[in-house]
Amino acid sequence: MSSRRELLHVRGAEPVGLYTLLRLERGTLDPGVPGQFFMLEAPGRLLPRALSLCLAPPGELAFLIDPIGRGTEALCTLENGDAIHVFGPLGNGFRLDVERPLLVGGGIGMAPLPYLAEALRFPPAVLGFRSERHAEAAFLLPGAEVVIDPVLVTDCNLEGFDVLACGPEPMLEAIAARCPGAQLAWEAPMACGYGACYGCAVEIDGELKRLCLEGPVLAAA
C-alpha cells in the first residue's frame with residue numbers, strides 16, 4: 001500500500017474519559033496495517049503529530065488522542081466540518097500471523113489495539129491505566145481485562161501467548177524480558193514520519209532505531 005497526503009474533514013471529536021476520539025472522513029486513504037501510524041497536521045502548529053489508527057469503520061479513520069501538548073490539544077479542539085491534512089499510513093505494523101494472540105496496552109498505548117483486535121477477530125486483551133478516568137477508554141475494546149495503578153499489566157499472566165503490546169517504555173521493556181517473542185509498538189515523538197529527521201531515533205539494546213521506518217512495531221528479541 002502507498003502513503004498519501006490528503007485533506008480530510010472532521011466527523012466528530014468526542015471525549016472518552018480523559019482522552020479524545022477524533023473521527024475523520026477516510027477519503028481515499030488506506031487504513032493500513034494495525035500498528036502503522038498517520039501524521040496529522042494540527043491547526044496552528046508547525047509540526048504534525050504521529051498517531052496510530054484506533055478504529056477504521058466504513059468511510060472513517062478514528063484516532064484516540066491524549067491532549068498532553070499544544071499539538072494534541074489543538075487536534076482535540078477540532079469540530080465537525082473542520083479540515084486537516086493527514087499523511088499515511090506509515091511505518092511497520094503488527095504481524096497478524098500469530099496463533100494465540102494477547103493484546104496488552106498501557107495508557108494511551110491502547111490506541112492501536114481496537115483496530116488490531118478487529119483484524120485478529122477479538123482475542124483476549126489486558127489494559128492498564130493510571131486512573132479510573134483514563135480507564136473509561138477501555139470501552140473501545142469490549143471484553144478487555146482492565147487494571148488500575150498500582151496494579152500493572154505486566155503482573156498479569158502473559159505466558160503461553162503471542163503478545164502484541166503498545167505502551168510506555170518501562171512496560172515494553174518488562175514485557176520483552178518475559179516474552180522474547182512479543183511484538184512491541186514503541187512510542188517516540190516524530191517530526192517527519194519518513195526517516196529524514198532522525199527525531200524518533202531511540203536506543204534499543206544498544207542500537208539506534210528510527211521508529212518511523214524500522215518500527216513503530218519491533219520484535220522484542
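Threonine 20 is buried, with 11% relative accessible area; buried means under 20%, exposed over 50% and partly exposed in between, using a 1.4 Å probe and protein chains only. Bear in mind that this is a predicted model, where local features need pLDDT of at least 70 and side-chain atom pairs count only at pLDDT 80 or more, while totals for chains, interfaces and linings use all residues. Residues are numbered from 1 along each chain as its sequence is written, and side-chain values use heavy atoms, with hydrogens and water left out.

- Threonine 20 sits in strand β2, residues 19-25 (strands are DSSP runs of E with at least two residues, helices are runs of H or I with at least four, and both are numbered from the N terminus).
- Setting aside neighbours within four places in sequence, threonine 20 is in contact with Ala13, Glu14, Pro15, Phe63, Leu64, Ile65 and Cys76; contact means heavy atoms within 4.5 Å.
- Threonine 154 is in the loop between β9 (145-148) and β10 (162-166), and it counts as buried too, at 16% relative accessibility.
- With neighbours within four places in sequence again left aside, threonine 154 touches Met171, Ala174, Ile175 and Arg178.

**Around β10**

- Four of the five residues in β10 are buried, so the strand is mostly covered.
- β10 pairs with strand β7 (residues 101-106) in the parallel sense, over five bridges; strands pair if DSSP finds at least two bridges between them.
- Together, β10, helix α4 (residues 169-178) and β11 make a right-handed β-α-β unit; right-handed means that, with the strands pointing away from the viewer, the path from the first strand over the helix to the second runs clockwise.

**Rings**

- The structure holds one aromatic pair (rings of Phe, Tyr and Trp, the last by its six-membered ring, pair if their centres lie within 6.5 Å; planes under 30 degrees apart are stacked, over 60 edge-to-face and the rest tilted).
- That pair is phenylalanine 38 with phenylalanine 63, edge-to-face at 5.7 Å centre to centre and 75 degrees between the planes.
- The pair links distant parts of the chain, 25 residues apart: phenylalanine 38 is in strand β3 (residues 37-40) and phenylalanine 63 in strand β5 (residues 60-65).
- Phenylalanine 38 is buried at 0% relative accessibility, and phenylalanine 63 is buried at 0% as well.
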